[in-house]
Amino acid sequence: MRRVLSSVPKRYGRHASYVGGLFNFRVISGEMFPYPSRKLDNDESETVQTLIEQIRSNDKELNLAGARVATEYGGLGLGHTAHALVCEEVGTSGDSKLLQTIQHCGLASYLLSTIGSKEVKGKYLTGMSDGKIMMGWAAQEECGNDISMNTAHAAFTSAGTYAITGAKRCDFAESATHYLVLAKTLTQAATEAGPAEVSRNSFFIVEKGSQGVTASGNTVTFDGAPVADIVGVIGEGFKDRMITLFTEQYVYASTLLGILKRVVQELRDSVPEQWAANTIASCACIMYAMESSLYALVANLDLPTEDSLLEAALTSVFLQNGTNEWLSVLSTATPTSEVLEKCFANARQLLSMMEASDFLYSSAVCCGIEDYGLVFQRTSTLQMVQLRTMRSFGMKDRIPVRELDCSAIDSAVVNFGNAVEATFVRNASQVPQQQLIINRLGEAAALLYAASASASRAAMCHSKRLPTAKTEKQLASTFIAMATERANRLSEECCNIGMTADDSYKRIAVELCDDALRS
């Protein structure tokens, strides 16, 4: 989960992520305050504006295939922030044909750009930039996210090349010209007994027109299909896939956000006034938090950061679950229209392409628990007691914002840290209902990140005296109240897991006595 860039200048190095700090009772203010933002340069801003205008006018010359491909290979070379703006407009447009470019110019372009050899980049990225090559993402199978269960394998042939056999899930498989395939192959690995031959996942490129390749719907089958090129290092496919998935999940999230905005826009003037005042207003509050967390994330991704993958996973699942929930609510509104039906269909398509919530929560929380464990290991018992005593007297990290009240976030961070500590110190590795706890901790961490992003953004608008400052403060304050209440409840439920009713009552009684003694 860690992305270490040894060549990064010291002034840009990040020692810990904002979410990573939450697992250790910390508010790492430098990671979120002031609000992370990246100003587009003139050329990039002009390119984004042109693309948005082309999307809105259904321009036949629109080409998004090379959006994330470097200019040296004929692409537009957009950064994460600029690309998120374009993807959001794709969602708003309601054009399902543009969804195919999501994986092509997101996952595939990123993987080839970061781990591909110079020869592979020159061979494929140039064609991908103008759409002549459409790269399908064939990394998943019916077993889901557990790629250790993948059955597709690449065998080394007598001709000195690899041949792949197996079936992979691949969205828009029939319209792709090439496939990025994740398959197992034999390689050497160091063990205690010395070098040993093991089966490890690796990335390969296979041409659609090759012998033994069959594409049908969202499935592509390989029957001894010859490999055109190897991508990256043999045996490192798992690591490469994980980094690519988490880094590029914002592509789906920003597109979903655009769809939700379009649905709200369509409904605003066509539903009863009271329904709009209540439901759409509540949805607008959530959208503000989604937008705040998304663009804080992509701004950090645009910097040569050391670690943004926890934020990437939790922001993605926050937008995924939030959009899914609100589209379900808004779909009950009448009247419906062709535009709305297209939006709902596109949202279902995108949600099916995204990683499962359980997988995203598990990956992020396990990483955060690892950070907590490392700190716990280095801290003596006396230091732990001192820290707990200090927190009991109200000495804690605080959100550095004066423009609005963020004390609820400060308290929720402590409650969240207590939940992490109580759960994993008390139970060690034998945690009952482990996935349930992981999901609750993941949701709480995502809400605290979104609340912090909303507070930081509202404070920035206030300090710049923007016309929207008052409205943004109201939206941020409303979301903070809702998010912290939910995060506190989730943290409390994590502490209660595995307890009997008597245990819970005893703990509540002890807490009441502590409060009485302190007062």
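These legends accompany several close-up views of a predicted model.

**View 1. Three domains, with a look at where domain 2 meets domain 3****.** The domain assignment divides the protein into domain 1 (16-34 + 237-500), domain 2 (35-134) and domain 3 (137-231). The centres of domain 2 and domain 3, taken over C-alpha atoms, are 26 Å apart. Where these two domains touch, 15 residues of domain 2 are in contact with 14 residues of domain 3.

**View 2. Helix H4 against helix H7****.** Two packed helices are described by the angle between their axes and the distance between the axes. Here the pair is H4 (residues 100-115) and H7 (residues 249-268), with axes that come within 9 Å and cross at roughly 145 degrees. On the H4 side, look for Ile-102, Gln-103, Gly-106 and Leu-107; they meet Val-251, Tyr-252 and Thr-255 of H7. Sorted by class, this contact holds four nonpolar and three polar residues, and no charged ones.

**View 3. Helix H3, largely enclosed by the rest of the structure****.** Helix H3 covers residues 80-93, and at 1.5 Å a residue its 14 residues should span 20 Å. Among the buried residues are His-80, His-83, Cys-87, Glu-88 and Glu-89. Follow the chain just past H3 and you reach Gly-94, which takes a positive phi of about 75 degrees.

**View 4. Thr-484 inside helix H15****.** Thr-484 sits in H15, which runs over residues 469-496. With a relative accessibility of 4%, Thr-484 counts as buried, because the cut-off for that label is under 20%. A polar atom of the Thr-484 side chain lies 3.3 Å from the backbone oxygen of Ala-481. Leaving aside residues up to four places away in sequence, Thr-484 touches Ala-408, Ile-409 and Ala-412.

**View 5. Phe-25 and Pro-34 in the loop between H1 and H2****.** Most residues other than glycine have a negative phi, and most peptide bonds are trans. This loop joins helix H1 (18-22) and helix H2 (42-56), and Pro-34 is located in it. The peptide bond from Phe-33 to Pro-34 is cis, with omega near 0 degrees. Phe-25 also belongs to the loop between H1 and H2, and its phi is near 65 degrees, a positive value in a residue other than glycine. At 11% relative accessibility, Phe-25 counts as buried.

**View 6. Arg-465, an exposed residue with a positive phi****.** You will find Arg-465 in the loop between helix H14 (434-463) and H15. Although Arg-465 is not a glycine, its phi is positive, at about 55 degrees. Its relative accessibility is 77%, so Arg-465 counts as exposed.

**View 7. Leu-303 in the loop between H8 and H9****.** The loop shown here lies between helix H8 (273-302) and helix H9 (309-330), and Leu-303 is part of it. Leu-303 is partly exposed, with a relative accessible area of 40%. Ala-453 is 150 residues away from Leu-303 along the chain, and the C-alpha atoms of the two are separated by 17 Å.

Conventions:
Residues numbered from 1 in each chain as written. Predicted model: local features only at pLDDT ≥ 70, side-chain atom pairs only at ≥ 80, totals over all residues. Heavy atoms only, no water. Axes fitted to C-alpha atoms, helices over the stretch in contact; angles between N-to-C directions. Helix = DSSP H or I, 4+ residues; strand = E, 2+ residues; numbered from the N terminus. Contact = heavy atoms within 4.5 Å. Nonpolar A, V, L, I, M, F, W, Y, C, P; charged D, E, K, R; others polar. Expected span 1.5 Å × (residues − 1). Buried < 20%, exposed > 50% of the residue type's maximum accessible area, 1.4 Å probe, protein only. Polar contact = N/O pair within 3.5 Å; in protein donor to acceptor, adjacent residues only side chain to side chain. Domains from an automatic or database assignment.
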